[in-house]
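Subject: Structure handover

Dear colleague,

Please find the structure below, with the sequence. My notes on what was found in it follow.

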Amino acid sequence: MTKISENKVWRIIARIDDEIIVKQASSVEKSTRSLRNAVCQRLCDSAGIEYELGWWKGRRHKSRRDFVDNFIGTPLYVQIDDEVDIDLHEVPYEVYSIEQVRLTFRKMTLMTPDNIDAWGYLHWGPGDDEKMQLLGEKLPIPQHMSHSRGFEEEEVIAISDAQQCIDECPKCKSEFPFGTIILVTENFRLIPAICCDSMIWLKEEDSEENEDWT
Ligand SMILES: [Zn+2]
């Protein structure tokens, strides 16, 4: 019996830009992990961003795993010398954009005051098409701010002018430069503060007395 299982492996296949990646291992977990890593590496290469070790770890990065899994077919337990049959694995034809890859893997490292403009666009390059609107996007809430102390995300539901809402920067106490914005979510406010080059998070209750917020 052992002899038979020694000849069998878990095989799993992905397809990116018509390139086929095949991984096989003694367990479905091992083959899946190694294929996910290969897919992520391939995606990072095509988007010109650095591959990050441990990119998949933790609940915070579920969206990364989900994104990578879109490229991956069904794992099958096969004889080691069986021919690779892509149809049998139901390998999807996933279409993606460089923008999606950059945002999936780099959104929070890109989120600095320098990269966010007065209209709420997050820029990842100098080109006019190398940006995305943050209104309607979900932001991961920093752990020290969240009520559950777990992972939370909230959608940006409004963008306000910081100069009109707050008298001075809560951090450096200077006046906000023209064009500073506030990203408003249901329970939080995020200010990409150009004055002191910091991303300032506030809880909504901190600002309840101010009616200009929403
Ligand atoms: Zn400041």
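**The hairpin of β10 and β11**

Strands β10 and β11 form a hairpin that has four residues between them, and in its turn Asp197 takes a positive phi of about 50°. Please keep in mind throughout that this is a predicted model. The two strands pair in the antiparallel sense over six bridges. One of the bridge pairs joins Ala193 to its partner Ser198 in β11. Asp197 sits in the loop between β10 and β11 (198-203), and its phi is positive although the residue is not a glycine. With 12 other C-beta atoms within 10 Å, Asp197 counts as exposed, because the cut-off for that class is 12 or fewer.

**The hairpin of β1 and β2**

There is another hairpin, made of β1 and β2, with two residues between the strands. Here Asp17 has the positive phi, near 45°. β1 covers residues 8-16 and β2 covers residues 19-25; they pair in the antiparallel sense over seven bridges. Ile16 has Glu19 in β2 as its bridge partner.

Ala14 lies in strand β1. It is buried, since 24 other C-beta atoms lie within 10 Å and the cut-off is 20 or more. Apart from neighbours within four places in sequence, Ala14 is in contact with Ile21, Leu35, Val39, Phe71, Ile72, Gly73 and Val91. Asp69 is 55 residues away from Ala14 along the chain, yet the C-alpha atoms of the two are separated by 8.7 Å.

**The two cores**

The largest nonpolar core has 19 residues, and those with the most contacts inside it are Ala162, Ile182, Leu183 and Ile191. At least two residues of this core come from each of α5 (162-165), β9 (181-184) and β10 (188-193). Ile182 touches Ser160, Ala162, Cys165, Arg189 and Ile191, if residues up to four places away in sequence are not counted.

**Helix α4**

Helix α4 spans residues 98-110, which is 13 residues. Its end C-alpha atoms are only 15 Å apart, whereas a straight helix at 1.5 Å a residue would reach 18 Å. How large is the kink in α4, and on which residue is it centred? The kink is about 55° and is centred on Thr104. Val101, Arg102 and Phe105 are the buried residues of α4. Among the elements that cover them are α2 (28-47) and α3 (62-69).

**Two loop residues**

Lys173 lies in the loop between α5 and β9. Lys173 is not a glycine, but its phi is positive, about 65°. Is Lys173 buried or exposed? Lys173 is exposed, because 10 other C-beta atoms lie within 10 Å and the limit for an exposed residue is 12 or fewer.

Glu130 is placed in the loop between β4 (121-123) and β5 (131-133). With 14 C-beta neighbours inside 10 Å, Glu130 counts as partly exposed. Glu130 is in contact with His123, Trp124 and Gly125, leaving aside neighbours within four places in sequence. From Glu130 to Gly120 the distance is 13 Å, C-alpha to C-alpha, and the two are ten residues apart in sequence.

**The chain as a whole**

The secondary structure of the protein chain comes to five helices and eleven strands. Its radius of gyration is 22 Å, well over the 17 Å that the globule rule gives for 214 residues, so the chain is more spread out than a compact globule. Along the principal axes, the C-alpha atoms fill a box of roughly 75 × 40 × 25 Å. Buried residues make up 23% of the 214 residues. Of the contacts in the chain with a separation of 6 or more, 48% are between residues 24 or more positions apart.

Regards

How values were computed:
Residues are numbered from 1 along each chain as its sequence is written. This is a predicted model: local features need pLDDT of at least 70, side-chain atom pairs count only at pLDDT 80 or more; totals for chains, interfaces and linings use all residues. Two strands pair if DSSP finds at least two bridges between them. The expected span of a helix is 1.5 Å times one less than its number of residues. The bend at a residue is the angle between axes fitted to the seven residues ending there and the seven starting there. Two residues are in contact if their C-beta atoms, placed from the backbone, lie within 7 Å. A nonpolar core is a set of buried Ala, Val, Leu, Ile, Met, Phe, Trp, Tyr and Cys residues joined through C-beta atoms within 7 Å. The radius of gyration is taken over C-alpha atoms; the globule rule is 2.2 Å times the number of residues to the power 0.38.
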